[in-house]
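I opened this entry to record what I looked up about how two chains meet. The notes follow in the order in which I took them.

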There are 2 protein chains.
Amino acid sequence: MAGAEWESLEQCLEKNLPLADLREVKRILYGKETRELHLPSGAFEAASKGDFELRGYGFEAAEEQQRRPRIVRVGLVQNRTPLPADTPVVKQVTALHRRIEAITEVAATCGVNIICFQEAWTMPFAFCTRERLPWTEFAESAEDGPTIRFCQELARKHDMVVVSPILERDAEHGDVLWNTAVVISNSGAILGKTRKNHIPRVGDFNESTYYMEGNLGHPVFQTQFGRIAVNICYGRHHPLNWLMYSVNGAEIIFNPSATVGALSESLWPIEARNAAIANHCFTCAINRVGEERFPNEFTSGDGKKAHRDFGYFYGSSYVAAPDGSRTPGLSRNQDGLLVTELDLNLCRQVNDIWGFKMTGRYEMYAQELAEAVKPSYSPNIVKE
Amino acid sequence: MAGAEWESLEQCLEKNLPLADLREVKRILYGKETRELHLPSGAFEAASKGDFELRGYGFEAAEEQQRRPRIVRVGLVQNRTPLPADTPVVKQVTALHRRIEAITEVAATCGVNIICFQEAWTMPFAFCTRERLPWTEFAESAEDGPTIRFCQELARKHDMVVVSPILERDAEHGDVLWNTAVVISNSGAILGKTRKNHIPRVGDFNESTYYMEGNLGHPVFQTQFGRIAVNICYGRHHPLNWLMYSVNGAEIIFNPSATVGALSESLWPIEARNAAIANHCFTCAINRVGEERFPNEFTSGDGKKAHRDFGYFYGSSYVAAPDGSRTPGLSRNQDGLLVTELDLNLCRQVNDIWGFKMTGRYEMYAQELAEAVKPSYSPNIVKE
């Protein structure tokens, strides 16, 4: 396995394939080609100076008579943690705020309307250590913590909806932790929050040590730029989680994640894209980059020796459209900003063509599932 | 779009990529590499003589102490209709029986235990015409029609479970048509039947002209070689359909399909594979190949002129494993037999690692779906 240094699938294909073949490969892998978006040259200069990748793509919809195009630009941010994990907590958070501030500044010059950061973006993904301190000190209030106030400023300054996934400390309800995303309106007001509905117990991602399954259901946030929802990380493996956001009306579902190469890289291009197809909506898959080393060694339940890191986050953030097409992924190893222009009209257009909601037979499934969860359920197995 | 003559994604990549890059591309696209299966040289000779592609791959599972490996070989058959669609019905059916007999013969020499043919395999996929005769004459009894009797002979002769998707005429219940798959035990007995649960109204696939949504739920068939289910064609777009087969215990879900290039080719590698991942089971995606021309012209609801075909079926049949890995696809344009060796123990092993069933929260979804289907349901939308 070449590991983190291998840059991206797209770069490899573009370098090696004859043009006519490349077109076919892209069509089969990605569907209808997404057009490159013209972004200001100043943005590319700022990105280059700031050492992060900047890419822009656009999805189109057919013209309609009764609705105008509903053009929205979303920004996906992937980044490494800039300071070592043993730096004092406040210093790490501040450095991350500065990093995100700079990237958001560029997003603003690119006309981004909705920006989403990676899962638990204010901290290293330290849950593999199973230690409490200092990691739980990264948790903060989803209503008035320093990160939320910081995001409110960003939102107001740039007239931008900000989706901010954090480790939440809920002091009012038993002082417990949650894996939460706060949605901040472009007015600067907190629109609400949503919590990670499915918690992994996989390899180094035994996060139930820290927080439990979300208790807020499947809220969808009506923003000025469309209806959005947030399916956090491991929830992407659960088709029903995507479905319920879609049933509640989500046109764009963000999937801020933190996942590593050996575990999930071959699943990554499949799941969020399948969700976009199955639910006639846009999905935005975001993963962090880099390796994070922790002060104390830990084991991974895989029979291997104790170690201080758990492999590399492979970035590769991308946007998938309801027609099954998708953008190329960002780099596997560099910080990046992916700007994507969507015409939200595409959701209903694809819905009208493919009709999965119309043909979904949800009533049957509600009944079958209600039966299936009973401990006495006897599966429908036909024997000779 | 290069169309049907472009052979396959895998061939293109193998021809053009340097070996080290090819390995990475395959890892990211396909996950863990599937080993090539050693098949008898006589089988390759017979395939070459019979003008169909033969490929073999194997998936492995870890050794366990309490269970022996449960090795099963499945065969996926993709084929074109050998005779023009205006040939008399019985001649067409007979030619298809002969074709499938020959391919099954080769499958037997490859040690195949369970074979599955493509959707409505005894006929051209004539539903685009919306004409009744002669197409409805391809329908037959799922209990004692000539095709079922033919399949029973195959099953007995080769000690092979046969999954036979046909157009069913249910003379006992209103003489209606169904899109059905009959599962025949390796003993030759009919194990049972299952029906297409979701019917498309997409482009040329307005099949509800002929048959309605299946009324048999999500049966799983306990065969000597493992528990299998059949998700027919358009049902692959519905994650809940896959889920219920899996909840009922399916270890292998076959997805016999008939779908064309312009419509769905970029969705094809995504959906069945996502289902294998999401449900910790093997999925087998089968599509026919070739172009089928019909005697009378018809329109496609796309503003284009009347025509006599609806594009090419792109083959590309493949098997996906619960760990997200998959076989390469069969050819896009040639008849083929894909032999794949599975160790069914992999299903539970992946289940124990990723735990989607354990973390699935089906009770919550049963309730949410039950609410959502009420006409009075008010979606969970948060506004400023």
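**Interface of chains A and B**

I started with the strands and looked up A:V220, whose bridge partner in β18(B) is B:I381. The model is predicted. I then checked the pairing around that position: strand β10 (residues 220-223) of chain A and strand β18 (residues 381-382) of chain B run parallel and are joined by 2 bridges.

Next I turned to the extent of the interface. I found 89 residues of chain B in contact with 89 residues of chain A. The two chains bury about 7,700 Å² between them, and carbon and sulfur atoms give 66% of that area. I asked which residues of chain B lose the most area to chain A. They are B:I28, B:W354 and B:Y365, which together account for 9% of what that side buries.

I counted 2 salt bridges between chain B and chain A. I looked at the one between B:E265 and A:R27, where the closest N and O atoms are 3.2 Å apart.

Last, I looked at what makes up the side of chain B that touches chain A. Helix α10 (residues 362-372) of chain B supplies the largest share of that side, with 9 residues. I sorted the residues of that side by type and got 49 nonpolar, 24 polar and 16 charged.

Definitions and conventions: Residues are numbered from 1 along each chain as its sequence is written. Chains are lettered from A and ligands numbered from 1 in the order in which they are written. This is a predicted model: local features need pLDDT of at least 70, side-chain atom pairs count only at pLDDT 80 or more; totals for chains, interfaces and linings use all residues. Side-chain values use heavy atoms; hydrogens and water are left out. Contact means heavy atoms within 4.5 Å. Buried area is the accessible area (1.4 Å probe) that two parts lose on being put together, summed over both. A salt bridge is a side-chain nitrogen of Lys or Arg within 4 Å of a carboxyl oxygen of Asp or Glu. Helices (H or I, at least four residues) and strands (E, at least two) are DSSP runs, numbered from the N terminus. Ala, Val, Leu, Ile, Met, Phe, Trp, Tyr, Cys and Pro count as nonpolar, Asp, Glu, Lys and Arg as charged, and the others, Gly among them, as polar. Two strands pair if DSSP finds at least two bridges between them.
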